[in-house]
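Hi there,

Here is the structure I promised to pass on to you. Please open it beside this email and follow along as you read.

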Amino acid sequence: MIFIENEGHANPRLNLALEEYALRNFNSQSDYLLFYINEPSIIIGRSQNTLEEINHEYVEKNHIHVVRRISGGGAVYHDFGNLNFSFITNHDTTRLSNFKKFTEPVINVLSKMGVKAELKGRNDILVNDKKISGTAQFSTGKRMVSHGTLLFDTDLGEVANALQVKMNKIESKGHRSVRSRVANISEFLDKQIKIEEFRTLLLEGLYEEREAFETYHLTPKEWQSVNQLKEEKYDSWDWNYGRSPKFNIQRSKRFSIGEIDVRLFVEKGYLTELKIFGDFFGKEPLEDIENLLIGVKYDKEKISKKLNKISIADYFGDIPKLEFIELLYGSDEADN
């Protein structure tokens with residue numbers, strides 16, 4: 001395992017660019033670990049509709065960064081009290097969507113600190129049934145990143161202020177607010193420490209979990225490439241917000257794998273525009289499905305025939321293809 005030193009950078013766009021650059025370019029013979037702490041920011045899941053996930057007025061007024069990441073899942077709030085970790089490894093089907101595999105070392109270290117954490121639900125680390133971490137994954141097919149947040153001493157009030165929490169998400173989890181579901185790790189420590197010390201203790205603990213560990217500093221040329229990726233992708237409006245689709249039909253449903261929200265524009269009986277949003281974890285790009293169905297007659301049988309060419313599980317996780325087709329073509333009464 002090689003620890004990548006991010007040199008204390010706190011710009012979320014630079015840190016996400018660093019993570020992606022390491023994923024796609026670093027030696028595939030080694031596993032890597034990256035830590036970073038971001039300035040106040042909202043990190044949007046790959047398939048989410050940004051403007052519907054954030055409190056736009058509040059975000060603009062308080063100069064909060066809004067950045068899309070390459071992995072799926074939901075939007076999360078970062079600030080200087082939140083430590084982010086990324087494991088970069090070779091693609092492994094036994095590790096993909098296996099959040100226990102890569103969170104286990106982190107949970108073990110927290111346990112040694114006296115924080116009795118456990119993995120629950122799809123991808124959350126909880127202490128006393130309160131969320132202290134959310135995790136996500138992305139795979140290129142050859143390499144994969146498994147990353148997560150650790151709420152150490154974050155401003156939990158800002159989590160609710162900056163994010164728009166959809167009512168169906170609140171109702172499906174049986175909670176009345178974001179605040180009631182999250183907690184800081186510092187609340188469960190016997191001795192109060194700063195996040196920098198927590199970062200050191202976590203890193204030392206992970207060293208103990210693995211036999212071989214070294215630290216790597218990027219070369220000036222590598223930093224130049226990281227900054228180029230930041231400027232071309234993570235600084236761009238198209239990546240972070242994307243275009244809002246024209247639609248005359250909207251359907252959404254919460255499945256066990258997360259919410260799927262589809263926007264369709266049907267003109268003269270044919271699909272002319274389609275956009276899919278959600279907080280699910282998929283492996284393949286949604287553009288494949290969106291492009292596949294453009295120009296298809298808005299007919300259940302025709303849509304079904306087109307979708308027989310692909311594996312729905314590769315895009316959303318484990319849901320039956322029929323349920324997705326019913327979401328696209330279901331009755332309005334079935335929407336929720």
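**A proline in a loop**

P40 is partly exposed, because its relative accessible area is 27%, which falls between the limits of 20% for buried and 50% for exposed. Please keep in mind that this is a predicted model. You will find P40 in the loop that links β2 (32-36) to β3 (41-44).

Which residues does P40 touch, leaving aside those up to four places away in sequence? They are I64, H65, Y77, H78, D79 and F80. Another pair to look at is P40 and G81: they are 41 residues apart in sequence, while their C-alpha atoms are 9.3 Å apart in space.

**Two helix pairs**

Next, some helices. Two packed helices are described by the angle between their axes and the distance between the axes.

Start with α1 (residues 12-25) and α8 (residues 220-234). Their axes come within 8 Å and cross at roughly 115 degrees, and the crossing is right-handed. On the α1 side, the contact is made by R13, L14, L16, A17, L18, E20 and Y21. On the α8 side, the residues are E222, W223, S225, V226, N227, L229, K230, K233 and Y234. Sorted by class, this contact of α1 with α8 has 9 nonpolar, 2 polar and 5 charged residues.

Now turn to α11 (residues 300-307) and α13 (residues 321-329). Here the axes lie 10 Å apart, and the helices pack at an angle of about 140 degrees, so α11 is oblique to α13. The crossing of α11 and α13 is right-handed. From α11, the residues K300, I303, S304 and L307 meet K321, F324, I325, E326, L328 and Y329 of α13. The residues in this contact of α11 with α13 divide into 6 nonpolar, 1 polar and 3 charged.

**The buried side of α13**

Which residues of α13 are buried? They are F324, I325, L327 and L328.

What do the buried residues of α13 pack against? Their partners include three strands, β12 (249-255), β13 (258-267) and β14 (270-278). The helices α10 (287-293), α11 and α12 (313-316) are also among the partners.

Best wishes

How values were computed
Residues numbered from 1 in each chain as written. Predicted model: local features only at pLDDT ≥ 70, side-chain atom pairs only at ≥ 80, totals over all residues. Heavy atoms only, no water. Axes fitted to C-alpha atoms, helices over the stretch in contact; angles between N-to-C directions. Helix = DSSP H or I, 4+ residues; strand = E, 2+ residues; numbered from the N terminus. Parallel < 35°, antiparallel > 145°, perpendicular 65-115°, else oblique. Left-handed = near helix turned anticlockwise from the far one by under 90°. Contact = heavy atoms within 4.5 Å. Nonpolar A, V, L, I, M, F, W, Y, C, P; charged D, E, K, R; others polar. Buried < 20%, exposed > 50% of the residue type's maximum accessible area, 1.4 Å probe, protein only.
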